[in-house]
Amino acid sequence: MRDYKKLDVWKKSHELNMFIKKEIATKFPKEERFELTSQLTRASLSIPLNIVEGCGRFTDKDFAHFIDTALGSTNEIDYCCLCASELNYISEE
């Protein structure tokens, strides 16, 4: 079993999750609370959670599956941020 806390990718995904929850999602208007905000925060939490779950698996194939799922959530965040930027909820910076 792998120790997820030793993985740089987990550390970075945890930092991303905290940044999105503290700095990005808080800038969205209240009417987005159940749509874009929810989707973005769930996707940001999904990345470190999938890495943690994959680390708890015993085969490389299972681990790779959860890493692949985390990558999908990364793409989801990318699109949510594109939408938020075009809706002027956040800036590109």
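## Exercises on helix packing and ring contacts

Helix α2 passes α3 in a left-handed crossing (the near helix is turned anticlockwise from the far one by less than a right angle). The model is predicted, with local features needing pLDDT of at least 70 and side-chain atom pairs pLDDT 80 or more, while totals for chains, interfaces and linings use all residues. Residues are numbered from 1 along each chain, and side-chain values use heavy atoms, without hydrogens or water.

**Exercise 1.** Work out how α2 and α3 are oriented to each other.

*Solution.* Start with the axes, which are lines fitted to C-alpha atoms over the stretch in contact, with angles from 0 to 180 degrees between N-to-C directions. Those of α2 (residues 36-55) and α3 (residues 60-86) come within 8 Å and cross at roughly 160 degrees. Angles over 145 degrees count as roughly antiparallel, and α2 and α3 are therefore roughly antiparallel.

**Exercise 2.** Classify the pair formed by Y4 and W10.

*Solution.* Rings of Phe, Tyr and Trp (its six-membered ring) pair if their centres lie within 6.5 Å, and planes over 60 degrees apart count as edge-to-face, under 30 as stacked and the rest as tilted. Y4 and W10 are 5.0 Å apart centre to centre with 70 degrees between the planes, hence edge-to-face.

**Exercise 3.** Now do likewise for F28 and Y89, and find what the pair ties together.

*Solution.* The centres are 5.4 Å apart and the planes 45 degrees, a tilted pair. F28 lies in the loop between α1 (8-24) and α2, and Y89 in the segment after α3, so the pair ties together parts 61 residues apart in sequence. Both F28 and Y89 are buried (under 20% relative accessible area, 1.4 Å probe, protein chains only).

How values were computed:
Helix = DSSP H or I, 4+ residues; strand = E, 2+ residues; numbered from the N terminus. Parallel < 35°, antiparallel > 145°, perpendicular 65-115°, else oblique. Buried < 20%, exposed > 50% of the residue type's maximum accessible area, 1.4 Å probe, protein only.
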